[in-house]
Amino acid sequence: MLLPDERHRLLEAWGRTSTAASITTVPGLIENMAARMPDAIAVTSADGELTYRQLDERADHIAHALLAQGVHLESVVAVALPRSPELITAILGILKAGAAYLPIDPAYPADRVESVLSDASPAVVVTDSATAGSVVGNGLRHLLVDEVTAAGAHPRPALLPDNLAYLMYTSGSSGVPKGVGITHASVTLCAQELATRFDIKPGGITLASTSVSFDVSVFEIVATLASGGTVDMVQDVLEFARRDTWAGSVVSTVPSAFAELLNDLPESITIDTVVLAGEALPADLVRRLRQALPETRIFNAYGQTESFYATTTGPLSAMDERSNAPIGTPLGGVHVYVLDPDLRLVPRGVAGELYVAGPNIGRGYHALPGLTAPRFVADPFGVAGARMYRTGDLVRWTRDGELVFVGRADDQVKIRGFRVEPGEVEAVLGSHPHVSRAVVVARDGVGGTQLVAYAVGVGSGPPDGEELRRFLASRLPEFMVPAAVMVLDELPLTVNGKLDRRALPEPEFLGDAYRAPRNLHEEMLAGLFAEVLEVDQVGIDDGFFALGGHSLLATRLTSRIRSVLGFEVPIRAVFENPTVAGLTPWLTHNRPVQIPVT
């Protein structure tokens, strides 16, 4: 039983905070800035830039084209475009038409794209002539942005804060991705609160490095444009490793990605604020970041797709020796509760499950009432009809009123900041005709947490592990593909007949039949492959990713190639030529760079 003062502290003083933000609509926020500063730069990229006036006018053209095709309030409209200013224009145009946007990453496997489109049933797909071929389906209509003109005007629907802003798909424990519906109220409240906390001001530059399939992108775009800043759109955060200089206000990424970049940051770099989110933030990384960027403010942020990208944040101004940084305090207008299994508040210092309430929580899972009901539940501390979202995360309050992440109450894991339900990967692996049972677990590996899959074959001819990995890669995004797939005769069981996860064997990363290096370049590359992958030996035909590599380790590899061999190898070259034999000709046909003497 909590004393009245303790209950008030947990529920009111710490768990609920007021807000000065106006809960409105996304177009409303951005149109306001376009009216105030029309000639300021809104979006910039390698493909060009747009002023606020140009962004607003082009978005209007797309909105009218969509309305002409019958799009109406809360229609779902997919957007599949390369990372360029036109992508942001299309998103804003969809929202101006009163529709909710459904982000589609053209780089995702066709099966994944088809699954999402089939479930969401968008009224239209906004794309361009070059990308349209990757987004096809029965009866799908396309609006090509490179063919949209200013002709025609149609009355825009009366958009309200409670209307849907976007439908974003995340990993699902049932075996298929599930769509989360988020309203304009959620986006505008949190975007304004985060802009205030991170001090985003007119003219400030935010690095937009996240795929629009993830809600970090909503913060990068909306918080910046609602504040009169400039969105600097790049292909990914690894862009830092390819630039000589950068100066801006905010960079947001996952800790594991920034840890790789710290060793290869440009010599001339200025970042006012770094926001790290998506996974636990180790104290060692904060210390390294402070050494590399002593003038930069560091924030830890925490959130879920179901309640916006970040619902709590905290500045790390006096990092102590705790193993993980605190996740901070709730945004203004956001309510957080730490509860026991009976939905009672737990005392500070005691671990409990985190629940989030307020205007920021989503509507639920698209067309999945059975999954929505146990996660979006009645708020016993709110007004009648109020709901709260059960996060599944275990946290505790510190004596200073900050939240600290303790762990998960279920099997969900984070892989390089991406949320993954092992059950979804198991379901896809189990759909292979030669697999009878499948289990996927998370293990600590080279470069952080990795997924490892175990499969039991059907009949006398068990499938090859690498064949199964290729099968998964053709159906899942890169971050969901296990680092290794091990084929077993049977899964280990306890005496009670349940899966014995502790008895699952350690993963084995096997290359092709060993072929030794044939020249000095191959010998040095093979040594760097082995160093980065932390293996004894790499043959010239062994695949970097087949041996446990991933995108962050590829960044480390290119950094080592630059410092040891003097060649500037783009990340793309490693993906296209993932073996020593394949990458050596690339070195032969490119000149080494001049490495600065320090």
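Which domains does the domain assignment of the chain give? The assignment gives domain 1 (26-159), domain 2 (421-488) and domain 3 (520-589), with bounds that come from an automatic or database domain assignment. The structure is a predicted model, in which local features need pLDDT of at least 70 and side-chain atom pairs count only at pLDDT 80 or more, while totals for chains, interfaces and linings use all residues. Residues are numbered from 1 along each chain as its sequence is written, and side-chain values use heavy atoms, with hydrogens and water left out.

The average pLDDT of the chain is 89, and 94% of the residues score at least 70; pLDDT is the predictor's confidence in each residue, from 0 to 100. Over residues 594-598 pLDDT stays under 50, and the model has five contacts beyond four places in sequence for this stretch. A contact means heavy atoms within 4.5 Å. Where pLDDT is low, the predicted coordinates should not be read in detail. Between domain 1 and domain 3, the C-alpha centres lie 39 Å apart.

Helices (H or I, at least four residues) are DSSP runs, numbered from the N terminus. Helix H2 (residues 26-36) packs against helix H4 (residues 85-96) at an angle of about 120°, the axes being 9 Å apart. Axes are lines fitted to C-alpha atoms, for helices over the stretch in contact, and angles run from 0 to 180 degrees between N-to-C directions. H2 is therefore oblique to H4, on a scale where angles under 35 degrees count as roughly parallel, over 145 as roughly antiparallel, 65 to 115 as roughly perpendicular and the rest as oblique. The crossing of H2 with H4 is left-handed, a term used if the near helix is turned anticlockwise from the far one by less than a right angle, and right-handed if clockwise. Val 26, Pro 27, Ile 30 and Glu 31 of H2 make the contact with Leu 92, Leu 95 and Lys 96 of H4. By class, this contact has five nonpolar, no polar and two charged residues; Ala, Val, Leu, Ile, Met, Phe, Trp, Tyr, Cys and Pro count as nonpolar, Asp, Glu, Lys and Arg as charged, and the others, Gly among them, as polar.

H2 also meets helix H3 (residues 52-68), with axes that come within 8 Å and cross at roughly 135°. The crossing of H2 and H3 is left-handed. On the H2 side the residues are Ile 30, Glu 31, Met 33 and Ala 34, and they meet Tyr 52, Leu 55 and Asp 56 in H3.

Helix H11 (residues 422-430) and helix H12 (residues 465-473) pack at about 115°, with axes 10 Å apart. Their crossing is right-handed. Val 425, Val 428 and Leu 429 in H11 meet Leu 468, Phe 471 and Leu 472 in H12.

Terms used. Helices (H or I, at least four residues) and strands (E, at least two) are DSSP runs, numbered from the N terminus.
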